[in-house]
Amino acid sequence: MDGSLHESCIDLCMVRDVGSVLAHTKSLIPFAAGHDLITMNYNLSRTIPSPPPRFIRSWRNVTPAAINIALSPLLNVPAPATRENDYSLEQLVSTITSAIISAADHVAPLRPVRLTAHHKPWVDCEVRRLMHARDRAYRRFRRCHRNSDLVQYKALRAKVRSTLDTKKNMYYAAKMEDSSSPNALWRTLRSLVLNSTLNWDSHISSISSKIHYSLYSLRYHRNSLTRHLRQRLVQALILPHLDYAAAVLTSLTVEQELRLQRLQNACIRFIYGNIPRTEHVTPYRLALGWLSVKRRRDQLMVLQARKIIISNTPSCLATRFTLLEGQEPARRVTRRLPPRLDYSSANTSTLQRSFSHTTTKLINSIPSPFSLQPNTPNPRFSYDTISSLSRRQNGCSAVELRISHPYPFH
C-alpha cells in the first residue's frame with residue numbers, strides 16, 4: 001500500500017440490531033485508498049411506544065353523604081400522644097390527603113380510559129397535502145392581500161371539501177361491505193346520522209345548520225339582489241338540502257315535519273323580504289308555485305317509485321310493487337278509480353311507514369291520466385294533483401299575489 005494511515009483501517013459497518021439490516025453489498029474492486037465500498041440498507045423506522053395508561057374517576061353518582069360516610073372512620077383517629085412539636089404540620093396534611101384519597105377510591109374508584117386518535121380514518125396523506133396547500137394559500141393571502149391568492153385559496157378549499165366527502169363515502173361504503181354481521185352493519189349506520197333510538201333528529205339538525213348557514217351568507221347581499229334572483233339562489237343552494245333522501249323520510253314525527261317546514265318558511269321570508277312577522281307564509285309559498293315540504297317529498301317519492309317500476313331496477317324494490325294497470329279488476333267499484341298497484345294492509349307500523357307501502361297509497365290516490373306504463377312521458381300531472389291537495393287560491397288573492405311557475409320539476 002501507500003504507507004498511509006488507511007492501511008490500518010478496518011472496512012466494516014457497526015449496527016445495534018442485526019435484524020434491522022435489510023441488505024448489504026461490497027464493491028468488487030477497492031474504492032478509495034485500497035478500501036472497499038460497503039453499502040447497506042438499514043431500517044430506521046422507530047416503533048412508537050404505547051401511551052401510558054390513563055385513569056379517571058366518575059363522580060356522577062357520588063353523593064355528599066357517601067363521601068362523609070367514607071371519610072368518618074379515617075379522620076376520627078386521635079392524634080398521637082407525643083409532644084406538640086413531634087406532630088408537624090406536614091404529617092397532618094399527609095394524613096388528611098391520604099384519607100381523602102382512600103375515601104375517593106372507595107366511592108369513585110379509578111377506571112382506565114382508552115385514548116383515541118383525533119384524526120379521522122379517511123384523512124390520508126393526499127388529504128393532508130391538500131390541507132397544507134390550502135393553509136399556505138390562506139396565509140399568503142393574509143400576508144399579501146392579492147386577489148390571485150384568494151382565488152387559489154378558494155379553489156383549494158373547495159377541492160379539500162370535495163376530496164373529504166369522496167374519501168368519507170368510500171370509507172363508509174367499504175366498512176358496510178365488510179360488515180360480517182347485521183349488528184356490525186347497524187353500528188356503522190348509527191354512526192352516520194342515526195342515533196340509538198333510530199330517529200332522524202341528527203339528520204334534521206344537520207340539514208338545519210346547513211340551511212341557516214346558507215341563509216346567513218345570502219343575507220349580506222339581500223339588498224343588491226332582485227326577488228327573482230333570490231328565488232333562483234334559494235332553489236339552487238338551499239332546496240336540494242330539503243329534497244335530499246326524500247324516499248327514506250317516511251317515518252318523521254310531527255315535530256320533525258314542523259322543523260323542516262319552518263326551514264322552508266325562512267327561505268320564503270328571505271325571498272320576499274317584507275313579510276310581516278305575524279303573517280302566514282302559505283299564500284306567499286303558493287305564489288312561488290312551491291309545494292310544502294311534505295307534499296314535495298310525496299311528489300319525489302311518486303316519481304322515484306314510477307322510475308323503479310318502469311326500469312325494474314333495483315330488483316329488491318321493484319318486486320315490492322305489483323302493477324294492476326291493464327288487468328280486469330275482480331270487483332268493479334264505480335265510485336272510485338281502480339287501483340294501479342296492488343295494495344294490502346300493513347301488519348306492523350314499520351311496514352306502514354315503509355317506502356313501498358307509502359308510495360303505493362300515493363300512486364293509487366292520483367287520478368288519471370297518470371300512468372305507470374313504459375314509453376310514457378314524464379308525468380307533470382303529478383305536480384298539479386299533489387299541489388291541488390293543499391293549494392288555497394283565496395289565500396293568494398287576499399294578499400294580491402299571483403301564482404308563478406313552480407321550481408324545476410324532475
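Which residues is Leu242 in contact with, leaving aside its neighbours within four places in sequence? In this predicted model, Leu242 is in contact with Ile207, Ile211, Leu260, Leu263, Gln264 and Val293, once those neighbours are left aside. Leu242 also belongs to the largest nonpolar core, a set of 27 residues. Together with Ile211, Val234, Ile268 and Tyr272, Leu242 is among the residues that touch the most other members of this core. Four helices each supply at least two residues of the core: H6 (201-218), H8 (239-243), H9 (254-272) and H10 (282-288). The greatest contribution comes from H9, which gives 8 residues.

The chain as a whole can be described briefly. It contains 16 helices and 4 strands. Of its 410 residues, 27% count as buried. Among contacts with a separation of 6 or more, 64% are between residues 24 or more positions apart. The average pLDDT of the protein chain is 78, and 76% of the residues score at least 70. Among the elements of the chain, H9 has the highest mean pLDDT, at 94, whereas helix H16 (residues 393-398) has the lowest, at 49. Two stretches have a pLDDT that stays under 50. One covers residues 1-9, for which the model has 7 contacts beyond four places in sequence. The other covers residues 405-410, with 24 contacts beyond four places in sequence.

Helix H9 packs against H6 at an angle of about 10 degrees, and the two axes are 11 Å apart. An angle under 35 degrees counts as roughly parallel, so H6 is roughly parallel to H9. On the H6 side, the contact is made by Asp201, Ile204, Ser205, Ile207, Ser208, Ile211, His212, Leu215 and Leu218. On the H9 side, the residues are Gln256, Arg259, Leu260, Leu263, Ala266, Cys267 and Phe270. By class, the residues of this contact divide into 10 nonpolar, 4 polar and 2 charged. Ile207 and Ile211 of H6 and Leu260 and Leu263 of H9 take part in this contact, and these four residues are also among those in contact with Leu242.

Helix H9 also packs against helix H7 (residues 227-237), here at an angle of about 155 degrees, with axes 8 Å apart. Angles over 145 degrees count as roughly antiparallel, and H7 is therefore roughly antiparallel to H9. In this pair, Arg227, Arg230, Gln231 and Val234 of H7 meet Cys267, Phe270, Ile271 and Tyr272 of H9. The residues of the contact divide into 5 nonpolar, 1 polar and 2 charged. Cys267 and Phe270 of H9 meet H7 and also take part in the contact with H6.

A further helix pair is formed by H11 (residues 293-311) and H14, whose axes come within 9 Å and cross at roughly 100 degrees. Angles of 65 to 115 degrees count as roughly perpendicular, which is why H11 and H14 are described as roughly perpendicular to each other. Asp298, Met301, Val302, Gln304, Ala305 and Ile308 of H11 meet Phe355, Thr358, Thr359, Leu362 and Ile363 of H14. This contact has 7 nonpolar, 3 polar and 1 charged residues.

Arg297 lies in helix H11 and, with a relative accessible area of 7%, is buried, because buried means under 20%. Ser356 lies in helix H14 (residues 355-365) and counts as buried, at 11% relative accessibility. With neighbours within four places in sequence left aside, Ser356 is in contact with Arg320 and Phe321. Tyr171 is found in helix H4 (residues 147-177) and is partly exposed, with a relative accessible area of 27%. Residues up to four places away in sequence not being counted, Tyr171 touches Pro121 and Trp122. Tyr171 and Trp122 are 49 residues apart in sequence, and their C-alpha atoms are 6.2 Å apart in space.

Key
Residues numbered from 1 in each chain as written. Predicted model: local features only at pLDDT ≥ 70, side-chain atom pairs only at ≥ 80, totals over all residues. Heavy atoms only, no water. Core = buried A, V, L, I, M, F, W, Y, C linked by side-chain atoms within 4.5 Å. Buried < 20%, exposed > 50% of the residue type's maximum accessible area, 1.4 Å probe, protein only. Contact = heavy atoms within 4.5 Å. Axes fitted to C-alpha atoms, helices over the stretch in contact; angles between N-to-C directions. Nonpolar A, V, L, I, M, F, W, Y, C, P; charged D, E, K, R; others polar. pLDDT = per-residue confidence, 0-100.
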